[in-house]
Each structure stands twice: as C-alpha cells, then as structure tokens.
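Student: Please take me through one part of this model closely. I want the pockets, their linings and the loops beside them.

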Amino acid sequence: RAESVKHALKHLAAASEALTLAKQLHEAGQADEALKIAERGLKLDGSKASLGAWLGPLEEARGRTAQALAAWQAAFHDAPELEIWRTIKRLAGSRWKKLQPELMESLRKYYSQMPLAEILIEEQDWDAALKVADKQTYDYHLIAKVADALIAHRPDWVIRASVKQSDALIAKTQSKYYSYAATWLARAKAAYAQ
C-alpha cells in the first residue's frame, strides 16, 4: 500500500485523478493516505473546486486549520461561492485581512459576477455591489439580488434599476413578461417606502 501511494504521489497528473484516488483510499479506511493524495492534488493541474470542497472539511475535522484553509482557497479560486467565502473567513482568523484582497481579485476575474455580488452584499459594500449590477445589464437575476439587498441601503438606486427593468419588460408588449414587470415595480414601491 505504501508503495502504491508513493507511486501515485509521483505520477498523478490532474487534481481530478487525485480526488478519485483519495476518495477510494478514504472509503477503504486509509484516511492518512487519502489526505496525502488529496493535498498533492491541490498542486496539480485542472479544476480544484471539487477536490478542495472534499478535502477542506476532512482537514478541519482533524484540527488542521492551515491545510483546511488551503483546500478551501483552492476550491474558491475555481468555483467561488458565498458559503466557501464564509468558511475561509472563519478559518483565516487574523490572516483574513491579508487573504481578503487576494480572494476579491480572484472573484473579479471569475466569469460569473453573481458570487462577487453576493459577497459584496455579505460584506455590506453596497456601492460596489450596485456597480457590479450596473455592469450586468442582461443578468436580471443578479440585478434582482442586488436590488432586494439594497432596498433599505440604496433606495434611490433600487428605484432607478427597478423602473428601468419594468419598462424594458413592458415595452416587449407580451403578457408573459407582465408578472416580472410587476415584481420589479413592487421593488420600486418598497424602495419608495424607504
């Protein structure tokens, strides 16, 4: 067994291979070997989202905070999510101020801006969140998420964004869009109430 793990550590080429082997070893009761393979996988090519998300909780359960943090960071860089952000923030402790800018940079480069918007809302960076929404003119889900979060904090922006969205939907003159337009107008009404 030790020889096969040693061989695998040398010859694994991708993070996905490491995850497959690590899971097999873990299921076979070889937890230490599984962790070694998974940790090696974090240094290999390919997406590390699944590997990091699998490895992070195992490392944390063993009290290995630094290793857990590395696993979660690898997962976040390849597939950022709000829950992973929260986990990294909790694990980082005093290192958070140093890690946060690096994670934000990674978020800004990610193809979907939804995780960035969610995290800016989480961090109560209202102005940055609305700037992200302003740039995503066709991502109605993102604009809606930001608008819902900012009703109490930036009602003027919510009114403008909601009216713009509802006007565009009504202009299509198709009844299937009217309920969506009504939802946007309800947001505007809630913002006016602020």
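Tutor: The second largest pocket is lined by Y140, H141, A144, L169, K172, Y177, Y180, T183, W184 and R187. A pocket here is an open set of points on a 1 Å grid over the protein atoms alone, where a 1.4 Å probe fits, with protein on both sides within 12 Å along at least five of seven lines; lining residues have an atom within 4 Å of a point. The model is predicted: local features need pLDDT of at least 70, side-chain atom pairs count only at pLDDT 80 or more, and totals for chains, interfaces and linings use all residues. Residues are numbered from 1 along each chain as its sequence is written, and side-chain values use heavy atoms, with hydrogens and water left out.

The volume of this second pocket is about 210 Å³. Volume means the space filled by probe spheres set on the points, with grid points joined across faces, edges and corners. Helix 10 and helix 12 (178-193) each supply at least two lining residues. Helix 12 gives the most, with four. Helices are DSSP runs of H or I, at least four residues, numbered from the N terminus. By class, the lining has six nonpolar, two polar and two charged residues. Nonpolar covers Ala, Val, Leu, Ile, Met, Phe, Trp, Tyr, Cys and Pro; charged covers Asp, Glu, Lys and Arg; polar covers the others, Gly among them.

Now the largest pocket. About 270 Å³ of space lies in it. Its lining has 14 residues, and T137, I143, A161, K164 and Q165 lie nearest its centre. Helix 9 (126-135), helix 10 (140-150) and helix 11 (155-171) are the elements that give two or more residues to this lining. Helix 11 gives the most, with seven residues. Eight residues of this lining are nonpolar, two are polar and four are charged.

Two loops deserve a look. T173 is in the loop between helix 11 and helix 12. Its phi is near 45 degrees, a positive value in a residue other than glycine. T173 counts as exposed because its relative accessibility is 61%; exposed means over 50% relative accessible area, with a 1.4 Å probe and protein chains only. Q124 is in the loop between helix 8 (114-122) and helix 9. Q124 is not a glycine either, yet has a positive phi of about 60 degrees. At 55% relative accessibility, Q124 is also exposed.

Definitions and conventions. Buried < 20%, exposed > 50% of the residue type's maximum accessible area, 1.4 Å probe, protein only.
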